[in-house]
Amino acid sequence: MTSETITADAAGTWKLGDLTVNRLGFGAMRLTGSAAFHLGTPSDRERSLAVLRKAVELGVNHIDTAAFYFSALRSANELINSALAPYGDELVIVTKVGPYRDYSGEWATSARPDQLRGHVEENLRQLGRDHLDVVNLRRMDQDSVAEHFGALAELREAGLIRHLGISGVEPKHLAEAQAIAPVVCVQNRYALDRPDPEGDELMRLCGESGIAFVPFFAVAGSGGARGATDTHDDAVLAVAGAHDASPAQVRLAWSLHQGAHVLAIPGTGNPEHVADNVAAGGLRLTDDELARLGASHRP
């Protein structure tokens, strides 16, 4: 694979409501430091700005972020604003609300439904927008999302939000949200080496309803917020070797091959890795390769 010649449109497109995005996007969580949140050292500001500009230069038009993505010195939303504003009409910025971190970086009590407007307005302020393209409600272990999602639906009616999504949910929560307002995306943890029958079912349901399914930690795997895993099974290594690709690219390509409605939002703080991640959208796997890779995803 020649990363420099492949742009984000190689992965194809999908619609978040009326907003068309390339299926290979960018996750902003790792812009702020060597690991997410307060787990690593803060990033170099100019390098992080270069990452964002490189992503857009390569055709990325779907950026995932949140106001709670920050380290001791860096805020992902502020970096996005500084690097990309004024925003092009084709750029779709997706944010999420619900979790809350205090100014010291520690996780605090998640938002009540009546506090979600403040979370939305904070994202608006940081990003320099008068409305948010898509807002995901991140479920924080509550059994029902109805009250929280209903509060966001009211903000959508008020014009602060264009489209709504949900994150960290089970199939029952998707049905609950759909009964309140249209859902354009579901963002859940989902990865090649992580057996997840419930996630498989949720992905299927999303496909049937024309809803985008957006895995996070698709590359990181078991590393999660601390960084990408460096442990790869024989199937991943063999497929990577056959395509002259990296294991990370194989993981992303496998995700995209799960359905036309599946998007990818790999994140990085390294400008060189941006091109590699985008190039994964051009990697075409055979049926035999998909079957071999899928063996490590099945329970």
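Modeller: Let us start with Asp-64, which counts as buried because its relative accessible area is 3%, where buried means under 20% relative accessible area, exposed means over 50%, and partly exposed lies in between, with a 1.4 Å probe and protein chains only. Before going on, please keep in mind that this is a predicted model, in which local features need pLDDT of at least 70 and side-chain atom pairs count only at pLDDT 80 or more, whereas totals for chains, interfaces and linings use all residues. Residues are numbered from 1 along each chain as its sequence is written, and side-chain values use heavy atoms, with hydrogens and water left out.

Asp-64 belongs to strand β4, which covers residues 62-64; helices (H or I, at least four residues) and strands (E, at least two) are DSSP runs, numbered from the N terminus. Leaving out residues up to four places away in sequence, Asp-64 touches Phe-26, Gly-27, Ala-28, Tyr-69, Val-94, Lys-96, Asn-136, Gln-187 and Ile-265, a contact being heavy atoms within 4.5 Å.

Glu-122, by contrast, is partly exposed, because its relative accessible area is 30%, and it sits in helix α3, residues 116-127. Its side chain makes a polar contact of 2.6 Å with that of Arg-125, and its C-alpha atom is separated by 7.0 Å from that of Ala-67, although the two residues are 55 residues apart along the chain.

Glu-122 and Ala-67 meet again in the second largest pocket, where they are among the lining residues that lie nearest its centre, together with Phe-70, Tyr-103 and Gln-126, out of a lining of 22 residues. On a 1 Å grid over the protein atoms alone, a pocket is an open set of points where a 1.4 Å probe fits, with protein on both sides within 12 Å along at least five of seven lines, and lining residues have an atom within 4 Å of a point. The elements that give two or more residues to this lining are β5 (92-97), β6 (100-101) and α3, and α3 gives the most, with six residues.

Seen as a whole, the protein chain has ten helices and eleven strands, and buried residues make up 55% of its 299 residues. Its C-alpha atoms fill a box of roughly 50 × 40 × 35 Å, taken along the principal axes. Of the contacts with a separation of 6 or more, 74% are between residues 24 or more positions apart.

How values were computed:
A polar contact is a pair of N or O atoms within 3.5 Å; within protein, one must be able to donate a hydrogen and the other to accept it, and residues adjacent in sequence count only if both atoms are side-chain atoms.
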